[in-house]
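Please open the model in a viewer and keep the selection tool at hand.

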Amino acid sequence: VIVEAVLDWYVTSGTWAIKGLQDLLSDVGFDTPATGVLNEETLDAADKAAAAMGDDLRRAYAVERAHFFGRIVANNDSQGKFIRGWVNQRARPFFR
């Protein structure tokens, strides 16, 4: 299921989806450099994290994505009017 979430984020934000996954994996103890490149190291870490965390990995990735939206608004407050829609459409489905 993490693959669906990564693909969904990648379609709208490109390599930020991979960097977000890599950051999350590092935060939960599966050290991967945030290169934005989906390489063997990242795939191995994601497999191990999924086995260890189950659905919690997907939920944590949704939180990471919501934080990404927050950083967009922090860098450009004119984007604030979109954040509710971004979270509802792009992150919330993966909280289930």
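Select Arg58 to begin: in this predicted model, Arg58 is buried, with a relative accessible area of 5%. Asp55 is partly exposed, at 42% relative accessible area. Both residues belong to helix 4, three residues apart, or about one turn of the helix.

Move on to Asp56 and Arg59, whose side chains meet in a salt bridge (3.1 Å, N to O). Here Asp56 is partly exposed at 46% relative accessible area, and Arg59 is partly exposed at 30%.

Now select Asp8 and Arg65, where a salt bridge has an N to O distance of 2.6 Å. This pair links distant parts of the chain, with Asp8 in helix 1 and Arg65 in helix 4, 57 residues apart. Asp8 counts as buried at 17% relative accessibility, as does Arg65 at 2%. The whole structure contains three salt bridges.

Continue to Glu64, in helix 4 (residues 55-75). Which side chain of opposite charge is nearest to Glu64? It is Arg71, 4.1 Å away; Glu64 is buried yet has no salt bridge, because a salt bridge requires the nitrogen and oxygen to be within 4 Å. The contacts of Glu64 include Trp9, Asp23 and Asp27.

Finally, display the largest pocket, which holds about 190 Å³ of space. Helix 1 (2-13) and helix 3 (40-53) each give two or more residues to its lining. Among the lining residues are Ile2, Leu21, Leu38 and Asp47. By class, the lining has nine nonpolar, no polar and one charged residues.

Key: Residues are numbered from 1 along each chain as its sequence is written. This is a predicted model: local features need pLDDT of at least 70, side-chain atom pairs count only at pLDDT 80 or more; totals for chains, interfaces and linings use all residues. Side-chain values use heavy atoms; hydrogens and water are left out. On a 1 Å grid over the protein atoms alone, a cavity is a set of points where a 1.4 Å probe fits but cannot get out, and a pocket is an open set with protein on both sides within 12 Å along at least five of seven lines; lining residues have an atom within 4 Å of a point. Grid points are joined across faces, edges and corners, and a volume is the space filled by probe spheres set on the points. Helices (H or I, at least four residues) and strands (E, at least two) are DSSP runs, numbered from the N terminus. Ala, Val, Leu, Ile, Met, Phe, Trp, Tyr, Cys and Pro count as nonpolar, Asp, Glu, Lys and Arg as charged, and the others, Gly among them, as polar. Buried means under 20% relative accessible area, exposed over 50%, partly exposed in between (1.4 Å probe, protein chains only). Lys and Arg count as positive and Asp and Glu as negative; His and the chain ends are not counted. Contact means heavy atoms within 4.5 Å. Lists of a residue's contacts leave out its neighbours within four places in sequence.
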